[in-house]
Each structure stands twice: as C-alpha cells, then as structure tokens.
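Morning, everyone. I have one structure today and a few local features to go through. Please have a look at it first.

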Amino acid sequence: ESIISPSVLRVKPKCDVFGRCGSCTWRHVPYEMQWTAKHRGAQHSLEKRGVKTTSVPCDLFPASEPFHYRNRIQLRVMNSQLGYTARKSHDFVPIHRCPIADEAINQVLQQTTEESLGRHKVEVEVLDDGTIRKTWDSRHAASGFRQINTAQNLRLRQWIQEHVQGQDELLDLYGGDGNLSRDLTGKFSRIDCVDVGVPETPEQPLPEHFHFHRSETLPWLKHARLAPDKQRVAFIDPPRAGLGASFGVIERELRRCNVTEIIAVGCDVEAWARDISWFLQKGWRLEHIALFDFFPQTPHFESVAHLFV
C-alpha cells in the first residue's frame with residue numbers, strides 16, 4: 001500500500017503509467033530477480049504438491065528481451081485517446097506508447113488514435129512478416145489467437161521438436177491454430193488439432209494428414225474415431241485454469257486413445273503444477289521440465305512438462 005523504505009535493488013520504471021496501468025506489475029523489480037522468482041516459484045509449486053524435482057532436468061529460458069516483446073496489444077478508446085484499463089477496474093489509462101509493445105506497434109499508435117473516431121476498442125498486432133493488423137470493436141483475438149511473445153514462442157516450439165520422441169500420431173489438444181504441432185508434420189502420420197478456436201481457413205497450407213477440429217476437447221476425445229492399433233502423443237495446452245474438474249475423464253480418455261507421451265503446457269503455474277501432480281498420481285512419469293518467460297515485467301510465465309506412461 002505504501003513504500004516505507006525502498007529497496008536498494010528497486011528499479012525506477014521507465015513508464016509514465018506504471019502503477020495505474022493494469023498490464024505490468026513488476027517494472028520496479030530488476031529482471032534477473034523477476035526470473036529467479038519465477039523459476040523458483042515453479043519448483044516450489046511442484047514440491048508443495050509432492051512432485052520431487054531434484055532428479056528431473058529443468059531447462060530455463062529467460063527472456064532475451066525484457067521489453068518490446070508483445071506482438072499484440074488491446075486498447076480502449078475514450079475521448080479520442082487510446083489506452084489500457086487500470087488494474088482490477090474499468091478506469092481508463094491513456095497511453096502514447098507502451099514499453100513492452102513491439103516498436104512497430106508503437107510507431108502506428110498516433111495514426112491509430114486518429115482512426116479511432118466513433119470506435120470503442122482496437123487490437124493492434126505485428127505479424128511475422130512485419131505487417132500491422134488492426135481489429136476494431138471485436139472480441140479478444142477475433143483475428144486468431146497468437147502467443148504474444150514471438151521470440152519465446154519459437155524457443156518453445158523448438159524445445160518441443162527436440163524433445164518429443166514421437167509415436168504414430170499426435171493429438172494437439174487446446175491446440176488453437178496448431179502453434180505447437182505445425183512444425184511436426186513430418187514426424188507423425190496423422191495430426192489432429194482440437195480447439196473451439198481453430199481457424200476455418202489456415203493461414204499456411206498444411207498437408208492432408210493434418211486435421212483441424214472445431215470442438216471442445218473432452219467431447220472430441222470421447223467421440224473420436226481413432227485407429228486402435230496406433231500409439232499417440234498428446235500436447236495439452238489448456239486455458240489458465242488448467243484441466244481442473246475434467247482431469248479424471250480426460251486422463252482416462254487419453255489412455256483409451258493409446259496416448260503414451262504427453263507435453264503439458266501451462267500459463268498459470270499453480271494450475272499446471274496441480275495437473276502434473278495428478279498425472280503422477282495416475283501413474284505417469286515426469287521426464288523433463290522447461291520454463292519460458294513469455295511475459296517479462298509481470299509474474300506470469302509458461303511451464304512445460306514432458307510425461308510418459
């Protein structure tokens with residue numbers, strides 16, 4: 001609530017709206033300390049749930065760029081200004097640039113402000129080819145969900161490519177646009193990507209053995225007609241709350257589908273650690289862990305577990 005005596009380690013945030021904006025909460029913390037808190041926090045979250053990590057390899061991937069990493073931001077429009085909302089409120093916080101947004105986004109904010117007359121909100125993103133895309137007055141990620149940290153997302157995909165051992169087929173559950181599975185078309189005879197938000201028309205052409213399914217994960221698993229003689233890998237990248245109450249049924253369906261290897265990804269470390277502990281209780285083996293800082297200047301990061309049965 002107030003600073004009585006500031007730490008000598010405290011950093012002066014280079015942001016005009018820090019403390020009011022609801023985006024960054026750790027701008028006053030040196031980045032090295034942010035990353036230490038995150039990877040130690042992941043270890044603590046696992047161990048307090050009985051997951052012993054001392055003999056499990058853990059690969060650490062801090063952000064190479066703690067600023068200007070966001071390839072997409074969502075802004076509100078009010079009184080001919082663009083801005084964020086304050087933390088835990090709907091109060092408007094006007095901005096002229098954002099220190100964690102890609103510089104290509106900052107360069108078009110003035111122009112975007114001029115285009116905002118009569119609008120309510122805008123999503124501004126820089127695509128992989130450098131093109132700027134603006135989506136006005138639509139739901140979040142209406143143009144398709146993308147991981148907001150391009151560099152770290154590439155490192156995550158590369159880590160998965162190097163570590164997944166591979167079976168006959170791959171189930172990419174909660175798979176979005178196939179972010180984690182698109183690079184693996186040469187490794188599996190069939191890939192099924194399942195999500196409520198899969199694209200109707202993929203941005204990139206995919207081979208015939210890559211299949212999108214617009215569906216909730218659990219109903220699809222229950223009704224999927226999969227060859228019984230195939231062994232499978234499953235990628236599981238659920239929303240922030242993790243598998244939660246559906247864990248038991250999903251784990252049972254994975255076994256029925258001959259899944260023997262899992263890559264489990266989570267953006268909330270507590271929910272992820274809980275799910276991993278449940279997998280171990282069901283007889284799965286934790287082989288490897290990796291932690292990726294997708295969200296510098298905040299407490300959030302991505303956690304990955306490699307499991308076998």
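**Hairpins and rings**

Strand 3 and strand 4 make a hairpin with six residues between them, and in that turn Lys88 has a positive phi of about 55°. Before I go on, note that this is a predicted model.

Which residue of strand 4 is the bridge partner of Gly83? That is Pro94.

Strand 2, residues 72–78, runs antiparallel to strand 3, residues 81–85, and three bridges join the pair. Strand 2 and strand 3 form a hairpin too, with two residues between the strands, and Asn79 there takes a positive phi near 50°.

Now the aromatics. Searching the whole structure gives six aromatic pairs. Take Phe294 and Phe295: their ring centres are 6.0 Å apart and their planes meet at 40°, so this pair is classed as tilted. To be stacked, the planes would have to be under 30 degrees apart, and edge-to-face needs over 60.

Elsewhere, Phe247, Trp278, Phe279 and Trp284 are linked by ring pairs into a cluster.

Last item: Arg119 has its charged end over the ring of Trp136, at 4.5 Å from the ring centre. That is what I have.

Conventions: Residues are numbered from 1 along each chain as its sequence is written. This is a predicted model: local features need pLDDT of at least 70, side-chain atom pairs count only at pLDDT 80 or more; totals for chains, interfaces and linings use all residues. Side-chain values use heavy atoms; hydrogens and water are left out. Rings of Phe, Tyr and Trp (its six-membered ring) pair if their centres lie within 6.5 Å; planes under 30 degrees apart count as stacked, over 60 as edge-to-face and the rest as tilted. A charge sits over a ring if NZ of Lys or CZ of Arg is within 6 Å of the ring centre and within 35 degrees of the ring normal. Two strands pair if DSSP finds at least two bridges between them. Helices (H or I, at least four residues) and strands (E, at least two) are DSSP runs, numbered from the N terminus.
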